[in-house]
Amino acid sequence: MQDTSKQYDAVIEKCRNLFKNKMSDYGSAWRILRLPSLTDQIFIKAQRIRSLQQNAVRKVDEGEASEFIGIINYCIMALIQLERGVVEQPDMDTDEATLLYNEKIELTKQLMLDKNHDYGEAWRDMRVSSLTDLILQKLLRVKQIEDNAGKTLVSEGIDANYQDMINYAVFAMIHLGESNA
């Protein structure tokens, strides 16, 4: 499992660096996005990955990895928005946003470690296409919860679904990295 932890950290470092660079370019403009808008952004990324996996022809020269990175970063933004709420104007500098990013990823990684222990690293035997489908399923669940004004009767909440999507996307990135090695 130690290997998984190191691989996880390597993927997150790549995602965090992109997040920080985009914060430098755009600031925290994402802070105005409502949760359904972030969910839709993640959905677009997941749909593109599925299309790339199903279609032989690609018209844009970007692969699955950049989309999985987008899913991870948008999910972290969504977790921050859940905690902090939506604002009318950007209100966060790169240092504060990175601190919150790190807090959210620390909790999400711990969830992964706990589940990974219980499931015996079953994700290692899964296909990237299955991880993509699970992300899409989680997105449909989140959309339904959003349509229910955030309420669930017996199911985990939106935050747990975003965390699962992050972890599935990290697993997919690890698989993609191993297949390219």
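**Notes on the predicted model**

1. Let's begin with the open spaces. In this predicted model, the largest pocket has a volume of about 480 Å³. It is lined by 18 residues, and Lys22, Tyr26, Lys45, Tyr74 and Met77 are the ones closest to its centre. Helix 3 gives the most, with 7 residues.

2. What classes of residue make up the lining of the largest pocket? There are 10 nonpolar residues, together with 4 polar and 4 charged ones.

3. The second largest pocket holds about 300 Å³ of space. Its lining has 15 residues, and nearest the centre lie Lys115, Tyr119, Trp123, Tyr168 and Phe171. At least two lining residues come from each of helix 4 (94-119), helix 5 (128-147) and helix 6 (158-179). By class, the lining of the second largest pocket divides into 8 nonpolar, 2 polar and 5 charged residues.

4. The largest nonpolar core has 48 residues. Which of them have the most contacts inside this core? They are Phe68, Ile71, Ile72, Ile135, Tyr162 and Ile166. Helix 1, helix 2, helix 3, helix 4, helix 5 and helix 6 each supply at least two residues of the core, and the largest share, 12 residues, comes from helix 6.

5. Leaving aside its neighbours within four places in sequence, Ile135 is in contact with Ala46, Phe68, Ile71, Met165, Tyr168 and Ala169. Of these partners, Phe68 and Ile71 are also listed among the core residues with the most contacts, while Tyr168 is one of the residues nearest the centre of the second largest pocket.

6. If you are wondering about cysteines, the structure holds 0 disulfides. Cys15 is in no disulfide, and the nearest cysteine sulfur, that of Cys75, is 11 Å away. Cys75 is likewise in no disulfide, its nearest cysteine sulfur being that of Cys15.

7. Arg31 deserves a look. This residue is found in the loop between helix 1 and helix 2. Arg31 counts as buried because its relative accessibility is 2%, where the cut-off for buried is under 20%. Not counting residues up to four places away in sequence, Arg31 touches Gln81, Arg84, Gly85, Val86, Val87, Asp91 and Met92. Arg31 and Ile166 are 135 residues apart in sequence, and their C-alpha atoms are 19 Å apart in space.

8. His175 has its place in helix 6. With a relative accessible area of 13%, His175 is buried. Its contacts, leaving aside neighbours within four places in sequence, are Trp123, Arg124, Met126, Val128 and Leu131. Among these, Trp123 is also one of the residues nearest the centre of the second largest pocket.

9. Ser51 lies in helix 2 (residues 35-54). Ser51 counts as partly exposed because its relative accessibility is 34%, a value that falls between the 20% and 50% cut-offs. Along the chain, Ser51 and Gln89 are 38 residues apart, and their C-alpha atoms are separated by 35 Å.

10. Finally, a word on backbone angles. Glu121 has a phi near 55 degrees, a positive value in a residue other than glycine, and Ala149 has a positive phi near 60 degrees, again in a residue other than glycine. Glu121 is in the loop between helix 4 and helix 5, whereas Ala149 lies in the loop between helix 5 and helix 6. Which of the two is buried, and which is exposed? Glu121 is buried, with a relative accessible area of 19%, while Ala149 counts as exposed at 63% relative accessibility.

Conventions
Residues numbered from 1 in each chain as written. Predicted model: local features only at pLDDT ≥ 70, side-chain atom pairs only at ≥ 80, totals over all residues. Heavy atoms only, no water. 1 Å grid on protein atoms, 1.4 Å probe; cavity = no way out; pocket = protein on both sides within 12 Å on 5 of 7 lines; lining within 4 Å. Points joined across faces, edges and corners; volume = space filled by probe spheres on them. Helix = DSSP H or I, 4+ residues; strand = E, 2+ residues; numbered from the N terminus. Nonpolar A, V, L, I, M, F, W, Y, C, P; charged D, E, K, R; others polar. Disulfide = S-S within 2.5 Å. Buried < 20%, exposed > 50% of the residue type's maximum accessible area, 1.4 Å probe, protein only. Core = buried A, V, L, I, M, F, W, Y, C linked by side-chain atoms within 4.5 Å. Contact = heavy atoms within 4.5 Å.
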